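Please read them alongside the sequence and the coordinates.

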Amino acid sequence: MLKSESYVFLRNARFHAFHGVLPQEMQVGGDFLLSLRVGYPIDKAMESDDVADTLNYATLFDLAKREMDIPSQLLEHVAGRIVKAITTAFPEVTSIDLELMKQNPPMGADCEGAGVMIKFKN
């Protein structure tokens with residue numbers, strides 16, 4: 001029998017949030033993109049067709065939004081909180097790939113964004 005490796009993901013979820021070191025970033029905020037790929041055993045849901053047997057991606061979004069709504073200076077701090085919220089809510093998680101990007105960062109560079117990419121594995 002084939003063994004599965006399965007993931008639930010969010011790709012480029014958009015947030016307006018108040019993260020940054022500069023005072024203006026904390027006052028007016030900025031736009032952020034979050035992508036998550038979460039390793040999760042979905043075999044049971046493949047058979048049952050029941051959302052209770054999987055990691056609901058709407059819940060995944062809500063967990064991330066809750067953490068994005070808390071202002072922080074560093075994206076690393078926000079990313080760490082998102083990972084902690086996910087693993088607390090879903091202990092069956094086997095891995096998390098997270099990419100959090102600030103669009104148009106105030107650093108005088110012409111770029112789409114800057115941010116952090118983190119891979120966690122159980």
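1. Leaving aside neighbours within four places in sequence, His19 is in contact with Glu25, Met26, Phe32, Glu67, Met68, Ile70, Pro71, Ser72, Gln73, Leu75, Val78 and Lys102. The model is a predicted one, and what follows should be read with that in mind.

2. Where does His19 sit? His19 belongs to the loop between β1 and α1 (23–28). With a relative accessible area of 2%, His19 falls under the 20% limit and therefore counts as buried. A polar atom of the His19 side chain lies 3.1 Å from the backbone oxygen of Met68, and Met68 is also on the contact list of His19.

3. Two of the residues that His19 contacts, Glu25 and Lys102, are themselves joined side chain to side chain by a polar contact of 2.4 Å. Glu25 is part of helix α1. Is Glu25 buried or exposed? Its relative accessible area is 10%, under the 20% limit, so Glu25 is classed as buried. Not counting residues up to four places away in sequence, Glu25 touches Phe18, His19, Gly20, Lys102 and Pro106.

4. The largest nonpolar core has 29 residues, and those touching the most other members are Leu36, Ile82, Ile86, Leu98 and Leu100. Two or more residues come from each of β1 (7–17), β2, α3 (57–68), α4 (75–89) and β3. Which element gives the most to this core? That is α4, with seven residues.

5. Residues up to four places away in sequence being left out, Leu98 touches Leu34, Ser35, Leu36, Ala79, Ile82, Val83, Val116, Met117 and Ile118. Among these, Leu36 and Ile82 are listed with Leu98 as residues that touch the most other members of the core.

6. The largest pocket holds about 210 Å³ of space. Elements that supply two or more residues to its lining are β2 (30–39), β3 (95–103) and β4 (113–121). Of the 14 lining residues, Glu5, Tyr7, Thr94, Ser95 and Lys121 lie nearest the centre of the pocket.

7. How is the lining of the largest pocket divided by residue type? Four of its residues are nonpolar, five are polar and five are charged.

Key:
Residues are numbered from 1 along each chain as its sequence is written. This is a predicted model: local features need pLDDT of at least 70, side-chain atom pairs count only at pLDDT 80 or more; totals for chains, interfaces and linings use all residues. Side-chain values use heavy atoms; hydrogens and water are left out. On a 1 Å grid over the protein atoms alone, a cavity is a set of points where a 1.4 Å probe fits but cannot get out, and a pocket is an open set with protein on both sides within 12 Å along at least five of seven lines; lining residues have an atom within 4 Å of a point. Grid points are joined across faces, edges and corners, and a volume is the space filled by probe spheres set on the points. Helices (H or I, at least four residues) and strands (E, at least two) are DSSP runs, numbered from the N terminus. Ala, Val, Leu, Ile, Met, Phe, Trp, Tyr, Cys and Pro count as nonpolar, Asp, Glu, Lys and Arg as charged, and the others, Gly among them, as polar. A nonpolar core is a set of buried Ala, Val, Leu, Ile, Met, Phe, Trp, Tyr and Cys residues joined through side-chain atoms within 4.5 Å. Buried means under 20% relative accessible area, exposed over 50%, partly exposed in between (1.4 Å probe, protein chains only). Contact means heavy atoms within 4.5 Å. A polar contact is a pair of N or O atoms within 3.5 Å; within protein, one must be able to donate a hydrogen and the other to accept it, and residues adjacent in sequence count only if both atoms are side-chain atoms.
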